[in-house]
Amino acid sequence: MLLSFLLAGITAALTALCYAELASTLPVSGSSYSYAYATLGEAVAYGVGWCLLLEYGVSAAAIAVGWGQYLNELLQQLWGWQLPHAISAPPGQDGALFNLPGVLLVALCGLLLMRGAQESAAVNAVMVLLKLAVLVMFAAIAFTAFSASHLAPFMPMGMAGVGAAASSIFFSYIGIDAVSTAGEEVKNPRRNLPLAIVLSLLIVTALYILVALAGLGAQPWTEFQGQEAGLAVILARITGAAWPAVVLSIGAIVSIFSVTLIVIYGQTRILFAMSRDGMLPAAFGRVHPRTLTPVFNTVVVCVFIGLLAGLVPLDALVDLTSMGTLIAFAVVSAGVMVLRRTRPELHRGFRVPLYPLVPLASIGCCLYLVASLPRTTYLLFGGMLAVAALVYAGYSRHHSRLQAGSRR
């Protein structure tokens, strides 16, 4: 896991530099969809847009499902009871039927987003500070029980296991893309977007590795399989007291809320950008006159994610989100090189260092991680692209603003 987070972090870092250049050059909503649209054309951008919609929707649902596990841990620690397994566990796990906490979380995020971006950002800032403090607390306590013997053998599955794990967890770096979806709602985006992308990547990678090292050192790696609310369980076992697990469970509840909020926000802005280009119906691009938020868009996204979180077993789909993320990241890196050649005169608030080595290395790392994904992921991804092609042929191609301009 340590090497997997490091490998995924290096891949994300190389791509973050590419994102930073495009975000400073094209500060618009839509993230990698908009960058692909401007550099590689409508067809490629449309495929990237579908990758993003899939990865945002499934990752938000997968994250929301975990909310119920920490909520149950908190209820157990405080009052000695939990929500029934049938309505709080991940769908399909040991007979679970419906994940009620996940659906409620998505609904709360949707209501907050419909109030406006400024209000959502203020609430999110507080939640981010809280969850960072809780993760540091976990690491500090877990290191008191650290045993080097828990790290042996260091690579029980070999390098193939490292690559497979890095591919599976890569969707956890979707925040890089989510930052760039806010291009039109950021003050001084040519400066602030590159800073946000690079700094957030460095901070989260350091925290991922720190927490992974602390957790792996505190208990044998084989005990993590099937362990619900694992970090809280580790703290309760180490301290023999309830309060650290309570604090961590509260932090996890807040953290998962924060991440779900941002992922849903990102998906609504991608739909907004695709609608503006005629790729999707105009309803997805309408904003409320007072809050200036895409209300219809947000409702549709929350219903879709809520159904996934509440009813659909997501194990097979999580790898699919990583594949979509990796494909989008590779396209962004290619877009940097294309835009350097086609529009060298554009003002760039940030330039990728060591060009073109960094974009090429980013593409190579992304393709390596894609190759480590299981075969079923390729089949699911092919099916998704087939559906996207049908929608493009049946609707988007006839309503595209770009196609309409060429016909005139």
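Helix α10 and helix α11 pass each other in a right-handed crossing. A crossing counts as right-handed if the near helix is turned clockwise from the far one by less than a right angle, and as left-handed if anticlockwise. Before we go on, a word on the source: this is a predicted model, in which local features need pLDDT of at least 70 and side-chain atom pairs count only at pLDDT 80 or more, while totals for chains, interfaces and linings use all residues. Residues are numbered from 1 along each chain as its sequence is written, and side-chain values use heavy atoms, with hydrogens and water left out.

Back to the pair: the axes of α10 (residues 243–276) and α11 come within 9 Å and cross at roughly 125°, which makes α10 oblique to α11. From α10, the contact (heavy atoms within 4.5 Å) uses Ile264, Gln267, Thr268, Leu271 and Phe272, and from α11 it uses Asn297, Thr298, Val301, Cys302 and Ile305. Helices here are DSSP runs of H or I with at least four residues (strands are runs of E with at least two), numbered from the N terminus. Axes are lines fitted to C-alpha atoms, for helices over the stretch in contact, and angles run from 0 to 180 degrees between N-to-C directions.

The axes of α3 (residues 42–79) and α14 (residues 375–399) come within 10 Å and also cross at roughly 125°. That makes α3 oblique to α14 (under 35 degrees is roughly parallel, over 145 roughly antiparallel, 65 to 115 roughly perpendicular and the rest oblique). The crossing of α3 and α14 is right-handed. On the α3 side, Glu42, Tyr46, Trp50, Cys51 and Leu54 meet Phe381, Met384, Val387, Ala388, Val391, Tyr392 and Ser396 of α14.

## A nonpolar surface patch

The patch is formed by Ile87, Leu97, Phe98, Leu100, Leu104, Val299, Val303, Leu307 and Leu311, with about 760 Å² of accessible area together. Patch residues have over 30% relative accessible area and no salt bridge, with like charges joined within 9 Å and nonpolar side chains (Val, Leu, Ile, Met, Phe, Trp, Tyr) within 5 Å. Areas come from the Shrake-Rupley method with a 1.4 Å probe; for residues, only the protein chains shown count as cover.

Both α4 (100–115) and α11 (295–311) supply at least two residues of the patch. Leu307 is found in α11.

Four salt bridges are present (a side-chain nitrogen of Lys or Arg within 4 Å of a carboxyl oxygen of Asp or Glu) in the structure. In one of them, Glu21 pairs with Arg348, the closest N and O atoms being 3.2 Å apart. This pair links distant parts of the chain, 327 residues apart: Glu21 is in α1 (residues 2–25) and Arg348 in the loop between α12 (315–342) and α13 (357–371).

The loop between α12 and α13 also holds Leu354, whose phi is positive, near 55°. A cis peptide bond runs from Tyr355 to Pro356, with omega near 5°, and Pro356 lies in that loop between α12 and α13. Most residues other than glycine have a negative phi, and most peptide bonds are trans.

## Another cis bond

Ala152 and Pro153 are joined by a cis peptide bond with omega about -5°. Pro153 sits in the loop between α5 (117–142) and α6 (158–169).
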